[in-house]
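Please open the model in your viewer and keep the selection panel at hand. The tour below goes from one selection to the next.

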Amino acid sequence: MSDSPAWAGSPLTEPEDFDIEVNGEHHVVTCRRDTPVLYALRGDLGLKGTRFGCGLGQCGACFVLFDGHPTPSCDLPVWAAAGHSIVTVEGLATDGRPSRLQRAFTEEQAAQCGYCMSGILISATALLQQEPDPDEARVREALDRNLCRCGSHGRVVRAVLKAAKMETP
Amino acid sequence: MSAGGQSTSGTQPLLSARLEITADGFVNVFVGKVELGQGILTAFAQIAAEELDVALDRVRVFGATTARGPDEGTTSGSRSVMHAGVALRQACAEARARLLEAAASQANVPLGVLCVRDGQILDEHAQPRATYWQFAGTGLLERPASGDAKPKYPGDYTVVGRDAARLDLPDKFAGRPRFIQDLSMPGQLFGRVVRPPAPGACLNALDELAARSISTVVAVVRDGSFLGVVATREDDAVRAAELLRRHASWTEPPTLPDQRAMAEHLKSQPVEDLALARIVDESAHADVAKAIERSYRRPYVAHASIAPGCGVARWEGDGRLTVWTHSQGIFPLRSAIAAACAMEEASVVVHHVEGAGCYGHNSADDAAFDAVLLARAVPGRPVQVVWSRDDEFAWEPYGSAMVVDLRVEVDHRGDIVRWRHDVWGGGHHARPGYADIPGLLGDFEANEAVMAPAEDPSFANGAGNGRNAVPAYRIRDLDVNAHRTLTMPIRTSSLRALGATLNVFAIESVMDELAEAAGVDQVDYRVRQLPDERARAVVRAAADLAGWVHRPAGESLGWGIAYARYKNSCAHCAVVACVEAVSEVRVRQLFVAVDAGQVINPDGLANQIEGGATQAASWAVKEAVTFDRHAITSRDWESYPILRFTEAPTVTVRLLPLQHEPPLGVGECAAGPVTAAIANALHDAIGVRVRDLPLTPDRIDAAIRNA
């Protein structure tokens with residue numbers, strides 16, 4: 001009945017060093033090989049912006065860009081991340097200046113509790129990198145793996161469409 | 001307790017309990033209400049800036065803590081602006097008066113010539129005579145509130161009533177630490193709890209060896225059927241909890257009712273009856289031309305916050321306890337923790353820290369108490385507990401399953417003559433301290449105690465099952481009763497709007513049928529029966545916003561309207577829904593008109609209404625907690641789906657602000673009207689009425705077959 005993540009019950013391994021690239025910088029984290037990247041980010045690197053939502057890869061709160069693709073970090077073992085690029089919500093700003101999506105989200109006040117927004121910003125960033133000028137239906141499709149419980153969907157969609165019209169970054 | 005808002009002690013609090021002037025030019029505001037994602041801290045900042053005549057960015061609103069007041073009970077029931085906001089406005093008006101008096105006396109000028117511009121106190125020639133900031137630390141506000149200062153005339157407002165950007169959102173969009181899950185304290189440890197597999201299950205046997213073999217595990221805690229683990233690494237706490245779970249055996253008696261017969265179950269239980277309204281008109285009988293009887297149902301509904309519960313606790317060496325929580329009520333939680341631990345309240349400090357969206361009594365209080373129980377094993381070190389998604393879905397207290405039976409009689413014109421409404425459901429209040437017990441999940445487990453049935457808020461506080469059961473329409477002979485079940489096989493408590501969702505769904509569904517039977521337009525029929533002009537105005541406004549008169553007809557397209565005044569005393573809300581329906585309902589658009597009286601932050605309010613409407617649409621078409629005779633079976637986002645981005649409706653809000661009227665609570669007003677408007681639109685689209693929530697394809701099929 002209980003729905004627990006597979007890694008939690010897999011045979012225990014000893015901690016090892018893993019070299020992972022996060023927001024353009026290399027870090028060595030020491031943890032068990034099947035530890036999800038989410039815990040390495042939040043616990044070992046102190047990057048708290050990536051959120052725990054379900055641990056099952058179902059809600060999108062923990063999305064990071066993994067080689068440019070929105071990917072649940074709760075479901076991504078640290079061994080598989082070594083040698084790849086990870087971008088978290090903290091990596092979206094440039095020299096402390098918020099990205100156009102972050103600016104547009106602020107302008108549209110596109111959140112209530114804001115807990116799901118890190119993952120939504122990650123999905124939206126990937127969308128605009130691939131499709132600079134999406135229509136509303138495409139924005140909704142691109143965000144469909146991200147759950148928002150407060151009901152900020154309309155504002156989020158407006159903010160993404162607005163960001164697409166802004167100057168980069 | 002749910003009475004909330006009024007629970008200050010007998011003596012008048014000091015002005016300094018609510019605000020403080022600092023030498024470096026800030027106003028620190030202390031509130032007892034908490035940020036739940038609704039933007040209340042920003043609204044409070046606007047109120048303070050307005051009354052004190054300072055710029056909004058000079059106001060800093062601090063998170064609530066029991067370490068200093070005020071105690072404003074629980075943040076619930078859409079009452080924060082109505083009560084705490086009014087109290088803050090009065091305190092700020094008084095603080096301004098005291099500051100001006102002090103400035104007049106110091107500068108030796110008549111009080112009447114002074115005015116304030118952003119904290120600068122100016123004379124009649126606009127010459128600066130003093131500033132607020134020079135009175136910092138002078139003890140000027142260390143006096144009881146007297147109630148003698150008159151707040152500003154609303155017509156003079158420049159901050160209140162205008163859009164203000166939320167103060168908390170920049171951190172949240174940047175991913176900066178702000179949530180309770182982000183707390184990182186020196187020596188912090190990570191706890192996980194292993195919950196029983198089912199309600200009523202008891203821990204029989206446990207082998208701790210496997211869990212203890214993880215080198216980072218520092219404690220395994222077992223107390224009755226409460227079981228948990230503490231580790232130095234969060235991922236290892238998750239692993240250890242899973243190993244404990246695999247090596248625990250439980251007795252699991254079948255304690256749950258038959259999900260397929262919930263209405264029959266609820267109506268067969270012992271109940272507490274509450275008469276909500278009774279008007280007797282002996283002459284009514286003679287005018288009855290037609291009667292209809294209908295029954296409406298809803299399932300258990302989960303809060304399903306996007307983050308599972310989290311709590312942090314640290315026991316000091318001397319037995320004092322500090323707790324960090326995203327609870328809606330830090331003072332009631334402190335009392336409950338003290339009672340459960342048999343200690344003095346004065347030895348417990350509870351701080352509020354923001355969590356993910358909160359829509360009622362969720363797992364926050366329980367997670368805090370889990371941290372208390374686990375941290376006791378490691379004195380001096382803070383322990384952070386995060387629930388699993390599985391536990392969140394299985395153990396949070398749900399909004400109760402309910403059933404409404406309606407009998408309505410109309411005259412030959414189709415106007416309502418007699419109305420009888422009976423509603424059954426579990427209680428909607430099991431917050432900490434209910435039933436004179438701590439009411440915390442971990443405490444029930446440690447004592448292997450059966451949970452006392454949830455209570456209902458009093459009628460004066462808006463009732464629970466009976467919330468919004470009394471229609472706003474003109475009715476000659478009326479009989480409305482609520483029946484709270486006194487058994488609780490499945491844990492229930494407060495979920496946004498409480499019983500209003502089903503009651504309004506029932507009332508507004510039947511109103512739709514009555515209008516149709518009378519051959520009158522749905523909007524006109526309601527307007528004709530509503531005695532309150534503000535009610536009629538919001539119904540017309542929603543219709544106008546949606547273009548009701550010229551609404552396009554289309555294959556499988558349907559339109560519906562519904563109205564309610566939340567709690568019969570808060571905001572008026574009318575909703576027009578446009579749906580597309582064949583075998584399933586797709587909610588395309590919601591048009592929401594709201595009269596909330598005075599509005600502090602229009603955009604913040606619109607944001608809350610949009611969110612509440614979208615969430616209610618999700619409840620209406622998708623959501624139901626599922627269970628077998630042993631356990632809850634909807635335990636992840638696949639078995640408990642909610643509306644996604646491709647399914648969420650476009651929501652358009654129109655506020656009818658009346659700045660000279662008192663503010664009316666608004667946070668929960670849309671739930672009932674949205675639910676009913678969608679069902680009415682479904683009927684408009686496919687010609688059948690579905691009276692059993694949620695409006696899923698199988699229920700629509702059943703309604704078509706039975707039509």
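Into which domains is chain B divided? Chain B splits into domain 1 (15-164), domain 2 (180-252 + 303-395) and domain 3 (402-428 + 464-706), with bounds that come from an automatic or database domain assignment. This is a predicted model, in which local features need pLDDT of at least 70 and side-chain atom pairs count only at pLDDT 80 or more, while totals for chains, interfaces and linings use all residues. Residues are numbered from 1 along each chain as its sequence is written, chains are lettered from A in the order in which they are written, and side-chain values use heavy atoms, with hydrogens and water left out.

Select domain 1 and domain 3 of chain B, whose C-alpha centres are 39 Å apart. Their contact (heavy atoms within 4.5 Å) takes 22 residues from domain 1 of chain B and 18 residues from domain 3 of chain B. Together these two domains bury about 1400 Å², 56% of it on carbon and sulfur atoms, where buried area is the accessible area (1.4 Å probe) that two parts lose on being put together, summed over both.

Stay in chain B and select B:Asn468, B:Tyr473, B:Glu508 and B:Arg565, which are among the residues that line the second largest cavity. A cavity is, on a 1 Å grid over the protein atoms alone, a set of points where a 1.4 Å probe fits but cannot get out, and lining residues have an atom within 4 Å of a point. This cavity holds about 100 Å³ of space, a volume being the space filled by probe spheres set on the points, which are joined across faces, edges and corners.

Next, show chain A, which is divided into domain 1 (14-91) and domain 2 (100-164). The C-alpha centres of these two domains of chain A lie 22 Å apart, and the domains bury about 1200 Å² between them, 57% of it on carbon and sulfur atoms.

Finally, select both chains: 58 residues of chain A are in contact with 73 residues of chain B, and the two chains bury about 5400 Å² between them. In chain A, look for A:Gln109, A:Gln112 and A:Arg149, which lose the most area to chain B, together 16% of what that side buries. How many salt bridges cross the interface of chain A and chain B? The rule (a side-chain nitrogen of Lys or Arg within 4 Å of a carboxyl oxygen of Asp or Glu) finds 8 salt bridges across this interface. To end the tour, zoom in on A:Asp44 and B:Arg233, which form a salt bridge with their closest N and O atoms 2.9 Å apart.

Terms used: 1 Å grid on protein atoms, 1.4 Å probe; cavity = no way out; pocket = protein on both sides within 12 Å on 5 of 7 lines; lining within 4 Å.
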